Amino acid sequence: MAPLHFQTIAELSGRLARRELTAVELIQSLIARTRALEPRLHAFNSFDEADALAQATASDARRAAGQVRGPLDGIPIGLKDVIAVTGQPLTASSKILQNFVSPYDATVTRKLKDAGAVLFGRLNCDEFAMGSSNENSAFGPAGNPWDTTRVPGGSSGGSAAALAAGEVIASLGSDTGGSIRQPAALCGLVGLKPTYGLVSRYGLVAYASSLDQIGPFGRTTEDIALVLRAIAGHDPLDSTSFKAEVPDYRAALAGPAPRRIGIPKEYFGEGLDPEIAAAVEDAVKFYRDRGCEVKEVSLPHTRYCLDAYYVIATAEASSNLARFDGVRYGHRSKAATDAIDLYAKSRAEGFGAEVKRRIILGTYVLSSGYYDAYYLRAQKVRTLIRQDFLQAFTEVDALLTPTSPVPAFKIGEKADPLAMYLLDIYTIGVNLAGLPAASVPCGFTSGGLPIGLQLIGQPFKEADLLALAHTYEQAHEWTRRHPAL
Amino acid sequence: MSAPQDFNVDYLAQLARLALTPEEKAKFAAQLGDVLHHIEQLAKVDVTGVEPTAHAFPIENVWDADAPRAGLSVADALRNAPAQRENMISVPKVVE
């Protein structure tokens, strides 16, 4: 059996139920490990040991009283530092929110508390979730547990690093263009971006509202199923929340998985690392050998995804981040002389380079005279991108692609913004189309770095998607490997 | 690659209320020039008759019951204010 800190929710909830372990013992073990690893890893922006211990104590008391709330009761789960928890810091890894303390819970936070989870830590990420490497955090980069000189991916890098390192048992991230799936791939984890609208965004710091979606990281698809069940569902506090059924995703894992798999030919072109291509080809072969109907499909507008994304996402970001003006909350410049100067200087002092770049780009594409040429046109291209996926789903049930074109790269290696943006080419289309997609471990490079494959499903059919991933996972050992730290 | 001629970073910084340094302006203009050059590809797509997509799924307005309920306390609402006095957020003078 794996050491305590590398066990799954499914395993640990069984041990808690059998009284082989208490929630307090579990969190104490993770706190000790976190203290030991954080100087090298920096997966957390902060953590509140006393608060986590109090939650674990309450969980043990519920168990003693026969009032267990379900499989998550007593399980330590970390939240990306863009998800609000009452009384805890909420920094978005930005200096502008360095001292912000959240006055309310996000809906996902409330749901996890209702499920009895022990919320532990504020996990590092790229500033305002803008980035693909966690290097844009104002508080410093996080390391990849498989090689701490490399990035864990981003923007939910801390959520992936903390879980892969055994500092938490599951975590939540947010995914706007791949920010859950890419770090899951780079850290050897399962990560799910749910269908847009399945999980409430209330209490999530907004980056690009029409693309953002909260989702889980887990060691296995079963753990993903358990966390998703807890956080999904309609929320009157989020007007984009969808009135969708929330099935028992774990029960569905054992059920029939989809059998028609499409391989989008545009996702296997130039720039794809050959070791990743080979690992993904092996996964394709696995499904074919299992009797799945595997066929090539085309998503002809794939080459425009990146462009449509960087117009739409930055436009929405420039609008969303207008709220950070130094007036009601957040950093206020001491050098300002009047109101306009207060906004401009507070924002200049508070935001980091990538956030400023995206605000400027978003302001440009929305500015008078360019709106039609950029923003409106990007929204029309988005329609075509979405239609490509829906067309493919008339022939197949799910799509299989690589998650990231490259494995984890060295911290500081990619200095050019455009080169960094190009890392998201396989994940961005899913956000534009609002689809669910998971990254699942599918091997390692010769250098020992994890590789992920991406499975893209149909809207609100997470149960099918997870069942398909589960079939692969059960036949392979990848999720049982852990980094030596 | 340099930014397009009409990419006026001074004007954009002013619109965005961002006090950028001259170094930041030069750097962002060059970097965003590369990005915009890439984005120019969008002009090649035939979007005749295509409706724009603002959200992937249809979204309708949501109406809430017009009923009072508890909100944040004054202390909670002011907790993150950079400057305050007498239960109010204080700001620099706006009107001369």
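1. Start with the contact between the two chains. In this predicted model, 66 residues of chain A are in contact with 54 residues of chain B. Together the two chains bury about 5200 Å². Of that area, 69% lies on carbon and sulfur atoms.

2. Next, the polar side of the interface. The rule finds 21 residue pairs in polar contact across it, both partners at pLDDT 80 or more. It finds 1 salt bridge between chain A and chain B. That bridge joins E24(B) to K356(A). Their closest N and O atoms are 2.7 Å apart.

3. Which helices of chain A each supply at least two residues to the side that touches chain B? They are α10 (305-320), α11 (339-350), α12 (353-366), α13 (371-392), α14 (417-421) and α15 (428-433). The largest share comes from α13(A), with 11 residues. By class, this side of chain A has 38 nonpolar, 14 polar and 14 charged residues.

4. One residue of chain B deserves a look: Q41(B). It sits in the loop between α2 (22-39) and α3 (74-78) of chain B. Is Q41(B) buried or exposed? Its relative accessible area is 13%, so Q41(B) counts as buried, the cut-off being under 20%.

5. What does Q41(B) touch, leaving aside its neighbours within four places in sequence? The residues in contact are R303(A), Y304(A) and D307(A). With D307(A) there is also a polar contact, side chain to side chain, at 2.8 Å.

Conventions:
Residues numbered from 1 in each chain as written. Chains lettered and ligands numbered in written order. Predicted model: local features only at pLDDT ≥ 70, side-chain atom pairs only at ≥ 80, totals over all residues. Heavy atoms only, no water. Contact = heavy atoms within 4.5 Å. Buried area = accessible area lost by both parts, 1.4 Å probe. Salt bridge = Lys/Arg side-chain N within 4 Å of Asp/Glu carboxyl O. Polar contact = N/O pair within 3.5 Å; in protein donor to acceptor, adjacent residues only side chain to side chain. Helix = DSSP H or I, 4+ residues; strand = E, 2+ residues; numbered from the N terminus. Nonpolar A, V, L, I, M, F, W, Y, C, P; charged D, E, K, R; others polar. Buried < 20%, exposed > 50% of the residue type's maximum accessible area, 1.4 Å probe, protein only.
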